[in-house]
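Reader: Could you take me through one part of this model, the nonpolar core and the aromatic rings? I'd like the cut-offs spelled out as you go.

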Amino acid sequence: MNPNIQKKIDAVLDRVKDPQSGMTAAQMGLVEKVRVSEKMNILTIFYAPMGKSKACCSVLNMAVLSEIETAMEKEFKKEFPGFIIKSANAGGKEPLQAG
């Protein structure tokens, strides 16, 4: 991968933080990989699978995760203007959302 692109990806993962713990997305291992297609101007974020948790905590985790994903998309749009930002489950499943 182009080193400049890797720097931008690393910068985003270091900027986006969990509002509860203050840990960065990089520290939490939230993102499994990021695929960049410069030719098609598409960046796809593959999120790592969440661990199993109690049902009461799952709703809270999903709300926090949604907030983090929104922040991640916003920051990637800043770093990669003109790119389509997509989110996918780990393992390359269908995109969760497109922006």
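Author: Here's a walk through the core, then the rings, then the confidence. First, the ground rules: this is a predicted model, so to speak of a local feature takes pLDDT of at least 70 and side-chain atom pairs count only at pLDDT 80 or more, while totals for chains, interfaces and linings use all residues. Residues are numbered from 1 along each chain as its sequence is written, and side-chain values use heavy atoms, with hydrogens and water left out.

A nonpolar core here is a set of buried Ala, Val, Leu, Ile, Met, Phe, Trp, Tyr and Cys residues joined through side-chain atoms within 4.5 Å. Buried means under 20% relative accessible area, exposed means over 50%, and partly exposed is in between (1.4 Å probe, protein chains only). The largest such core has 20 residues, and Leu43, Ile45, Met72 and Phe76 have the most contacts inside it. At least two core residues come from each of helix 1 (3–15), strand 1 (31–37), strand 2 (42–47) and helix 3 (55–79). Helix 3 gives the most, with five. (Helices, H or I with at least four residues, and strands, E with at least two, are DSSP runs numbered from the N terminus.) In soluble globular proteins, nonpolar side chains tend to be buried together.

Now zoom in on Met72. Skipping neighbours within four places in sequence, Met72 is in contact (heavy atoms within 4.5 Å) with Val12, Leu13, Val16, Ala25, Leu30, Val31, Ile45 and Tyr47.

On to the rings. Rings of Phe, Tyr and Trp (its six-membered ring) pair if their centres lie within 6.5 Å; planes under 30 degrees apart count as stacked, over 60 as edge-to-face and the rest as tilted. That gives two aromatic pairs. Phe76 and Phe80 make a tilted one, 6.2 Å centre to centre with 35° between the planes. Phe80 with Phe83 is edge-to-face, at 5.4 Å and 65°. Phe76, Phe80 and Phe83 form one aromatic cluster. Phe76 counts as buried because its relative accessibility is 0%; Phe80 is buried at 3%, and Phe83 is buried at 17%.

Phe80 also has a charge over its ring: the charged end of Lys8 sits 5.4 Å from the ring centre. (The rule wants NZ of Lys or CZ of Arg within 6 Å of the ring centre and within 35 degrees of the ring normal.) Lys33 lies over the face of Phe46, 4.8 Å from the ring centre.

Finally, pLDDT, the predictor's confidence in each residue from 0 to 100: the chain mean is 83, and 79% of residues reach 70 or more. Helix 1 is highest at 96, and strand 4 (residues 95–98) is lowest at a mean of 44.
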